[in-house]
Amino acid sequence: MSDGNFSENVQDPRARMVARAAREIAPGMVVNLGIGLPTKVIDHLPEGFPVCLHTENGMAGIGPTLPYEAADRNLIDAGGAYVSPLPGTSYFDSAVSFALVRSGRLDLTMLGAFEVAESGDLANWKIPGKFSPGAGGAIELAQKARRVVVLTTHTDRKGNPKLLRQCTLPLTARGHVARIFTDMAVVDVTPRGFALVELASGTTAKEVQEATGATLHLPAGDIPTF
Amino acid sequence: MSLPDKTTTMEEAVAAIPDGAVVMLGGFGVPGTPFTLIHELVRQGKRDLTVIKNDANEAGMGVDHLIVAGLMRKLIVTHLGLNANAIAAMNEGRIKVELCAQGILAERIRAGGAGLQAILTDIGLETELAEGKQVIEMAGKRLLVEPAIRADVALIHADCADPFGNLTYLATARNFNPPMAMAAERVIVETERLVPLGGISPDAVETPGVFVDHICPLTQISEEYGVVRR
């Protein structure tokens, strides 16, 4: 965690996306950070920030990640990182962990994505014929967190858009994504489709539209940057 | 009166498992995986096993030994992406894999342990995980019927046990162990510590010994239980 403030002046586009996403977390929230990029959001939270991070393998109140030498063999997050407890942390079994998720106690989840549709559909667990490791807890997180946001690069490694009119891959959940943080922009899912909210500094709305596989609705007036 | 003693050797406890058994294994990644009991299953060559576990561990660890030894017929799991052996075995048809949403697997097991027949849920509707499942309508909502799960055997890892089978766990080594410890005809526990009856405060017991059949104290904590260097 950084010293007392949200990170400013981050240069790398991916790190800037993660730093911007961290500002989505409001004081007092219960939050689940998905495996991969979303987990890195922790590094951008101010020290002492009042938030309860949940991990689906059975912990509420995740503290700082520990190096190999300091790790507790019985204490990992769902991505396998060795983490530490905070004063007030609790542990529980997998049934209780998902009772918490399904009953609406998660204010926010941040998930990775292969594809997001303009309707808020999310595909992030299977590429038929190539990659089908199972969804783990992603279906319940995407379907039941009170707010679902996605962190993803705007395009895949080949430059193809990941924000689409419709998902082509098997869905994780239908219509639950509210906002997408990418290396190029912050995009909201609205009843009209994708709406541009913010631009990464140095990026134009035209570039974002060209990298998006659906219509991008622009706000009136100046577009804030991050 | 005194409560019965269920301590036994691992050899004896595992010997009672028949070939073809449905076996629940606790654990999420390394924490809570009953590595020593899995080794005993492999050593005794139990065949045609159906395994229910959160994940497939990693290559060379835990449940992977059952796959490599060709002892597993089917795996019911929520995620196996960290084990290339398991993915290859699935893709080549050497094991059948049934994927389940993580909390739904936990809850189906919890229901099995609670003597229920099924749970009703909207989780997974409109995804391919709903394919082939019974759907009912209740109070205007479409819901999936997810059958409760019980196993022939559950292999559990506990931090502490008494001879009657009262159990406690540590940190994120709980995961699927407490619900699985209630959901099998025969519950076999490996424990890092064995204390005398009364050594666990009744208020601190997490799994009541009534659910447990066999207690096997671990004589050593092998490397597999350790912190993985990444």
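A polar contact here is a pair of N or O atoms within 3.5 Å; within protein, one of the two must be able to donate a hydrogen and the other to accept it, and residues adjacent in sequence count only if both atoms are side-chain atoms. Keep that in mind for the first views, and remember that this is a predicted model.

**View 1. Polar contacts link chain A and chain B.** Go by that rule and you get 17 residue pairs in polar contact across the interface of chain A and chain B, with both partners at pLDDT 80 or more. On the chain A side that touches chain B, the elements giving two or more residues are α2 (94-102) and α3 (138-144). Sort that side of chain A by class and you have 17 nonpolar, 11 polar and 10 charged residues.

**View 2. A salt bridge joins B:Asp122 and A:Lys144.** Zoom in on these two side chains, which meet N to O at 2.8 Å. For the interface of chain A and chain B, the rule turns up 5 salt bridges.

**View 3. Chain A and chain B bury area against each other.** Here's the whole contact: chain A puts in 38 residues and chain B puts in 40 residues. Between them the two chains bury about 3,300 Å², with 59% of it on carbon and sulfur atoms. Over in chain A, the residues that lose the most area to chain B are A:Tyr68, A:Arg73 and A:Asn74, and together they make up 21% of what that side buries.

**View 4. The second largest pocket has residues of both chains in its lining.** This one holds about 430 Å³ of space. Its lining runs to 24 residues, and the closest to the pocket centre are A:Lys126, B:Met90, B:Val97, B:Glu98 and B:Leu99. Count the lining by class and it's 12 nonpolar, 3 polar and 9 charged residues.

**View 5. The largest cavity has A:Leu33 and A:Thr39 among the residues nearest its centre.** The rule counts 3 cavities of 30 Å³ or more, and the largest cavity comes in at about 110 Å³. Look for 14 lining residues, with A:Leu33, A:Thr39, A:Thr55, A:Ile62 and A:Asp77 nearest the centre. Strands β1 (30-33) and β2 (52-55) of chain A each give the lining at least two residues, and β2(A) gives the most, with 3 residues. By class, the lining of this largest cavity splits into 6 nonpolar, 6 polar and 2 charged residues.

Technical notes
Residues are numbered from 1 along each chain as its sequence is written. Chains are lettered from A and ligands numbered from 1 in the order in which they are written. This is a predicted model: local features need pLDDT of at least 70, side-chain atom pairs count only at pLDDT 80 or more; totals for chains, interfaces and linings use all residues. Side-chain values use heavy atoms; hydrogens and water are left out. Contact means heavy atoms within 4.5 Å. Buried area is the accessible area (1.4 Å probe) that two parts lose on being put together, summed over both. A salt bridge is a side-chain nitrogen of Lys or Arg within 4 Å of a carboxyl oxygen of Asp or Glu. Helices (H or I, at least four residues) and strands (E, at least two) are DSSP runs, numbered from the N terminus. Ala, Val, Leu, Ile, Met, Phe, Trp, Tyr, Cys and Pro count as nonpolar, Asp, Glu, Lys and Arg as charged, and the others, Gly among them, as polar. On a 1 Å grid over the protein atoms alone, a cavity is a set of points where a 1.4 Å probe fits but cannot get out, and a pocket is an open set with protein on both sides within 12 Å along at least five of seven lines; lining residues have an atom within 4 Å of a point. Grid points are joined across faces, edges and corners, and a volume is the space filled by probe spheres set on the points.
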